[in-house]
Amino acid sequence: MSEARAAILARLRRSLPRSADEQAAAEATVHERLAAPAPNLLPARGQLDRDGRVRLFTDMARAVAAEVELLDELEAVPAAVATYLRRHNLPQRIVVAPDPLLDLARWEGQPLLRVRRGDAEPDDAVGVTLASTGIAETGTLLLTSAPERPTLLAFLPETSIVVVFADEIDGAYEQSWARLRAALGTPPRSVNLITGPSRTGDIAQQIELGAHGPRRLLVLVVDRSPPLDD
């Protein structure tokens, strides 16, 4: 913690009408809650079996203008991406997150697809990255920042393509947060929740896509997640 932050927090503590014992009790309560967070009421809508969660996620994502494709395996991703780009008359050029799982997709199977791995740059039209989880109740993707999953990939290119594994689609937000805590322990620098392509209604009270981020969102739901040592 920086000295400036510590000074600000100390000033706030001094301004609170608490005794030393009350302050210690409050801190203990916070630590207990962080160590064992209790979920809120979970909406019944998302409490389904695996296939039911995938169906609900797909329906909800499509309802907010995302395109969703269901794939049997990770190796089907490059062909699905190439087909999508042709359908939308987009160049066969993409930037892909340098994630070991995405490397297993075997992009070389699409020789006409020009693939660069790394972070997005201003002239990149299409970015491909991996979601940590999907949330069925609203068709939302949960993305976490990491060196192998640069945040800009999901926001800077006009077309965003996100891969999510069916086994990692949860029923509710609370379940995805619990999964994230169990997997990472320490929270990542940023967590982003994405529901459909970017949109705004500020311009003439009409919905405009792509105002603050990607104009198009393709979600590829992969049925099976391969082990990294394959």
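What follows treats the salt bridges by pair.

This is a predicted model, in which local features need pLDDT of at least 70 and side-chain atom pairs count only at pLDDT 80 or more, while totals for chains, interfaces and linings use all residues. Residues are numbered from 1 along each chain as its sequence is written, and side-chain values use heavy atoms, with hydrogens and water left out. If a salt bridge is taken as a side-chain nitrogen of Lys or Arg within 4 Å of a carboxyl oxygen of Asp or Glu, the count comes to 15.

**Glutamate 67 and arginine 87**
- The closest N and O atoms of the salt bridge between glutamate 67 and arginine 87 are 3.3 Å apart.
- Because glutamate 67 lies in strand β1 (residues 67–71) and arginine 87 in helix α4 (residues 77–87), the pair ties together parts that are 20 residues apart in sequence; helices (H or I, at least four residues) and strands (E, at least two) are DSSP runs, numbered from the N terminus.
- Glutamate 67 is partly exposed at 25% relative accessibility, and arginine 87 is partly exposed at 48%, where buried means under 20% relative accessible area, exposed over 50%, and partly exposed in between (1.4 Å probe, protein chains only).

**Arginine 224 and glutamate 73**
- Arginine 224 forms a salt bridge with glutamate 73, with 3.7 Å between the closest N and O atoms.
- Arginine 224 lies in the segment after β12 (216–222) and glutamate 73 in the loop between β1 and α4, so this pair ties together parts 151 residues apart in sequence.
- Salt bridges that share partners join Arg50, Asp51, Glu73, Asp167, Asp223 and Arg224 into one network.
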